[in-house]
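Hello,

Here is the structure I promised to pass on to you. Please open it beside this email, and then read on for what I found.

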Amino acid sequence: MKKLSLYQMVKIALLAAVLCILGPISFPLAISPVPISLGILGIALAIVILPTTESVISILIYILLGLVGLPVFSKYTGGFGVLAGPTGGYIIGYIPLALIAGIIIKKTNRNIVFMCLGMLLGLAVCYAFGTAWLAVAASMTFGEALAAGVIPFIPVDLIKFAIAIIVGLPVHKAIQKFS
């Protein structure tokens, strides 16, 4: 991997900061140990605005900040216990989400249809990580974990993706002018 420029590092740091701001904002659901979080909105913004490598690095920074205890995860929590708990799989799933969506977005030259498909495919993988982890951590069957950790979130996550595309594409285009 080539060295990152100062400009790239600033973009990565800014999107990691956006994740740290949006990630803790969450709304509990009575039917699930997984809250609705704005973390996916931050992830989607990173995917839309940054190239794949930079978005993945910003997500890794976010996860590492939470891992060391900063309250950047949902409900203003942090630490290893959060990653080991019921929502940990979804947080880890952010990485393949960004990789899959980012690669598809790059290969299709930011075609909006393929951007949406890439984000949906990446989200499906994120959901798979999260559902499997939730099932183990909360002693649920896979079906119970799917009902509690995925089904209620699909419409809200689709709205977050739409917002990220609407907001992120103009930001990406503006950033490209300075590259």
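A word you will need throughout is "buried": a residue is buried when its relative accessible area is under 20%, exposed when that area is over 50%, and partly exposed in between (1.4 Å probe, protein chains only). Please keep in mind that this is a predicted model, where local features need pLDDT of at least 70, side-chain atom pairs count only at pLDDT 80 or more, and totals for chains, interfaces and linings use all residues. Residues are numbered from 1 along each chain as its sequence is written, and side-chain values use heavy atoms, with hydrogens and water left out.

Let's begin with the cysteines. Cys-20 has a relative accessible area of 18%, so this residue is buried. Cys-126 is buried too, because its relative accessibility is 1%.

How many disulfides are there? A disulfide is a covalent bond between the sulfur atoms of two cysteines. The rule used here asks for a pair of cysteine sulfur atoms within 2.5 Å, and by that rule the count is zero. For Cys-20, the reason is distance: the closest cysteine sulfur, in Cys-126, lies 17 Å from its own sulfur, too far for a bond.

Next, have a look at Thr-52. This residue belongs to helix H3, which covers residues 52-67 (helices are DSSP runs of H or I with at least four residues, strands are runs of E with at least two, and both are numbered from the N terminus). Thr-52 counts as buried because its relative accessibility is 15%. Setting aside neighbours within four places in sequence, Thr-52 is in contact (heavy atoms within 4.5 Å) with Ala-98, Leu-99, Gly-102 and Ile-103. With Gly-102 there is more detail to see: the Thr-52 side chain reaches the backbone oxygen of that residue at 3.0 Å.

Finally, the chain as a whole. It has eight helices and two strands, and their order along the sequence is α-β-β-α-α-α-α-α-α-α. Of its 179 residues, 46% are buried. If you take contacts between residues at least 6 apart in sequence, 69% of them join residues at least 24 apart. Along the principal axes, the C-alpha atoms fill a box of roughly 50 × 35 × 30 Å.

Happy exploring!

Best wishes

Definitions and conventions: A polar contact is a pair of N or O atoms within 3.5 Å; within protein, one must be able to donate a hydrogen and the other to accept it, and residues adjacent in sequence count only if both atoms are side-chain atoms.
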